[in-house]
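Please look over the chain that follows before reading on. The paragraphs after it begin with a single side chain and work towards the fold as a whole.

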Amino acid sequence: MQDFSFGGKGTMNGGEYSTIIIDGIAECTGTLRAEHLHIDGIFKCAGAVAADVVECDGAAEFSAGVCAKKFFVDGVAKLERLEADEINCDGFIKAEEEVSADIMHVDGCIHAKEIVGDHISINSRSGKIAGL
């Protein structure tokens, strides 16, 4: 598998990659599979995303579901639904549907229709837990 990196502004069709790094503004029009997706800029994806590790330090919008082993958010992630083995959120997650993880640790904010997990820890900065 190949690596892919955005340093400016661009569009990709989707596909299968080893590592994807977004430092600029990127849009994906198809389904995406990656071992590691790292977002430092702005990323919008129209298709489903499957990844071993997703790190969002910028802003990401996923129009379809995201499935990951590890999902880390220090920025903002807006998505349809999220399924992961482990979620660590120091930023903001907004899901239209379900957020599901075996282990979930939230020190930021999370808003979802349903939050499901084996071990869930939410320490909301605003004092409100949305979606429960």
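K113 counts as exposed, at 60% relative accessibility, where exposed means over 50% relative accessible area, buried under 20% and partly exposed in between (1.4 Å probe, protein chains only). The model is a predicted one, in which local features need pLDDT of at least 70 and side-chain atom pairs count only at pLDDT 80 or more, while totals for chains, interfaces and linings use all residues. Residues are numbered from 1 along each chain as its sequence is written, and side-chain values use heavy atoms, with hydrogens and water left out.

The side chain of K113 meets that of E97 in a salt bridge with an N to O distance of 4.0 Å, the term standing for a side-chain nitrogen of Lys or Arg within 4 Å of a carboxyl oxygen of Asp or Glu. E97 lies in the loop between β12 (92–95) and β13 (98–106), and K113 in the loop between β14 (109–111) and β15, so the pair ties together parts that are 16 residues apart in sequence. E97 itself is partly exposed, at 32% relative accessibility.

The structure holds 4 salt bridges. One of them joins the side chains of K69 and D52 at 3.8 Å, N to O; because K69 belongs to strand β9 and D52 to strand β7 (residues 49–56), this pair ties together parts that are 17 residues apart in sequence. Both partners are partly exposed, K69 with a relative accessible area of 47% and D52 with 21%.

The chain has 0 helices and 15 strands, where helices (H or I, at least four residues) and strands (E, at least two) are DSSP runs numbered from the N terminus. An open sheet with parallel pairing is formed by 8 strands in the order β1-β3-β5-β7-β9-β11-β13-β15, two strands being paired if DSSP finds at least two bridges between them. At the edges stand β1 (2–6) and β15 (114–122), each with a single partner strand, so one side of each is left without a neighbour in the sheet. Within the sheet, strand β9 (residues 66–73) runs parallel to strand β11 (residues 82–89) and is joined to it by 7 bridges; the bridge partner of F72 in β11 is N88.

What does F71 touch, once its neighbours within four places in sequence are left aside? F71 is then in contact (heavy atoms within 4.5 Å) with V54, V66, A77, L79, L82, A84, E86, I87, N88 and I93. F71 is also among the residues that touch the most other members of the largest nonpolar core, which has 39 residues, the others being L32, F43, F62, I87, I93 and V99. Such a core is a set of buried Ala, Val, Leu, Ile, Met, Phe, Trp, Tyr and Cys residues joined through side-chain atoms within 4.5 Å.

For the chain as a whole, buried residues make up 42% of the 132 residues. Of the contacts with a separation of 6 or more, residues 24 or more positions apart account for 1%. The C-alpha atoms fill a box of roughly 40 × 25 × 20 Å, taken along the principal axes.
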